[in-house]
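Please examine the structure shown below. The paragraphs that follow consider a pocket, a pair of helices and the confidence of the model.

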Amino acid sequence: SSGINAEWPLRPGNAAILAAVCLASRLDDLNNVMGTIIIAVLTYGIIPPVRKRMAGSKVMPLWTLFLLTSSVYISYVSVPIVIVPLIISAVACLVIVPAFFVHLQKQKDNIFGPWDEAVLKDLGCNGGVRDIYAE
């Protein structure tokens, strides 16, 4: 093996920074470039390991609210036009979609068909076949 020992969270972070730099090279303002790189670093480099360590913690909702607020602020400073899509997507991902899945739990049903697993049959001594689950 090589002498380099990189942890898993660093690889997506490196890819995100590379992608942000490539995308930012097209931007014409320094604030836009800085905002793009900061959002990429937060989203792929800092947030996943911190969320993994905080899983199940009581401060997780506050942390989520802080990240949402900071993302909106950074977007407002760097690229104001993306605030509305950012807020809509955040509300959709954090509120609407989970509420929709909770609502759909009432619709969940078990269907039976020819794809189900085989039903065990008991061959009796008299040569007849009987369903052992029917009793």
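In this predicted model, the largest pocket has a volume of about 390 Å³. Its lining consists of 15 residues, and those nearest the centre are Ile47, Leu67, Leu68, Ser71 and Leu86. Three helices, α2 (30-54), α3 (60-78) and α4 (83-104), each contribute at least two residues to this lining. Sorted by class, the lining of the largest pocket comprises nine nonpolar, five polar and one charged residues.

Two of these helices may now be considered as a pair. Two packed helices are described by the angle between their axes and the distance between the axes. The axes of α2 and α3 come within 9 Å and cross at roughly 170°. Because of this crossing angle, α2 is roughly antiparallel to α3. On the α2 side, the residues in contact include Gly35, Ile38, Ile39, Leu42 and Ile47, while those of α3 include Met60, Trp63, Thr64 and Leu67. Taken by class, the residues of this contact are eleven nonpolar, six polar and one charged.

Finally, the confidence of the prediction deserves attention. The mean pLDDT of the protein chain is 75, and 76% of its residues reach 70 or more. Confidence is highest in α4, at 87, and lowest in strand β2 (residues 129-131), at a mean of 55. Where pLDDT is low, the predicted coordinates should not be read in detail.

Terms used:
Residues numbered from 1 in each chain as written. Predicted model: local features only at pLDDT ≥ 70, side-chain atom pairs only at ≥ 80, totals over all residues. Heavy atoms only, no water. 1 Å grid on protein atoms, 1.4 Å probe; cavity = no way out; pocket = protein on both sides within 12 Å on 5 of 7 lines; lining within 4 Å. Points joined across faces, edges and corners; volume = space filled by probe spheres on them. Helix = DSSP H or I, 4+ residues; strand = E, 2+ residues; numbered from the N terminus. Nonpolar A, V, L, I, M, F, W, Y, C, P; charged D, E, K, R; others polar. Axes fitted to C-alpha atoms, helices over the stretch in contact; angles between N-to-C directions. Parallel < 35°, antiparallel > 145°, perpendicular 65-115°, else oblique. Contact = heavy atoms within 4.5 Å. pLDDT = per-residue confidence, 0-100.
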